Amino acid sequence: MLVGILLTPLSAVLAPGDTVTVLGASGNVGKLVALRLADTFKVRGVVRDAARARAFLGDKVSLYEADLRGDDVTAALAPALEGAQGL
């Protein structure tokens, strides 16, 4: 069933204005994905260093700092995932 979801166009799953969380939003690919999604959706970017990521992402992406190498990843991600319709 997961494969079917991945093959479904985003427009069939999400509506414009929905909130999408992007993990690794400051990475080489993640920042481009976050910016592209921000054209249609509200985007929350999970990054390690928000100040550094802000220079590239500007105000189009809401940034959430979280170190996914830590002990409590669930607590670190909770604010960025709360209420999001997509990941």
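Reply: A quick definition before we start: a residue counts as buried when its relative accessible area is under 20%. By that cut-off, 31% of the 87 residues of this predicted model are buried. The accessible surface comes to about 5800 Å², and carbon and sulfur atoms hold 57% of that.

Now the layout. There are 5 helices and 3 strands, and along the sequence they read α-α-β-α-β-α-β-α. Strand β2 (residues 42-47) runs parallel to β3 (residues 61-65), with 5 bridges joining the two.

On to the core itself. The largest nonpolar core is made up of 16 residues, and Ala34, Val43, Leu57, Val61 and Leu63 have the most contacts inside it. At least two of its residues come from each of β1 (19-23), α3 (30-37), β2, α4 and β3. As a general point, nonpolar side chains in soluble globular proteins tend to be buried together.

Leaving aside residues up to four places away in sequence, Val43 touches Val20, Val22, Ala34, Leu37, Ala38, Val61 and Ser62. Two of those, Ala34 and Val61, are also on the list of core residues with the most contacts.

Zooming back out to the whole protein, take the contacts with a separation of 6 or more: 39% of them link residues 24 or more positions apart.

Key:
Residues numbered from 1 in each chain as written. Predicted model: local features only at pLDDT ≥ 70, side-chain atom pairs only at ≥ 80, totals over all residues. Heavy atoms only, no water. Pairing = 2+ DSSP bridges. Helix = DSSP H or I, 4+ residues; strand = E, 2+ residues; numbered from the N terminus. Buried < 20%, exposed > 50% of the residue type's maximum accessible area, 1.4 Å probe, protein only. Contact = heavy atoms within 4.5 Å. Areas by Shrake-Rupley, 256 points an atom, 1.4 Å probe, with all protein chains shown as cover. Core = buried A, V, L, I, M, F, W, Y, C linked by side-chain atoms within 4.5 Å.
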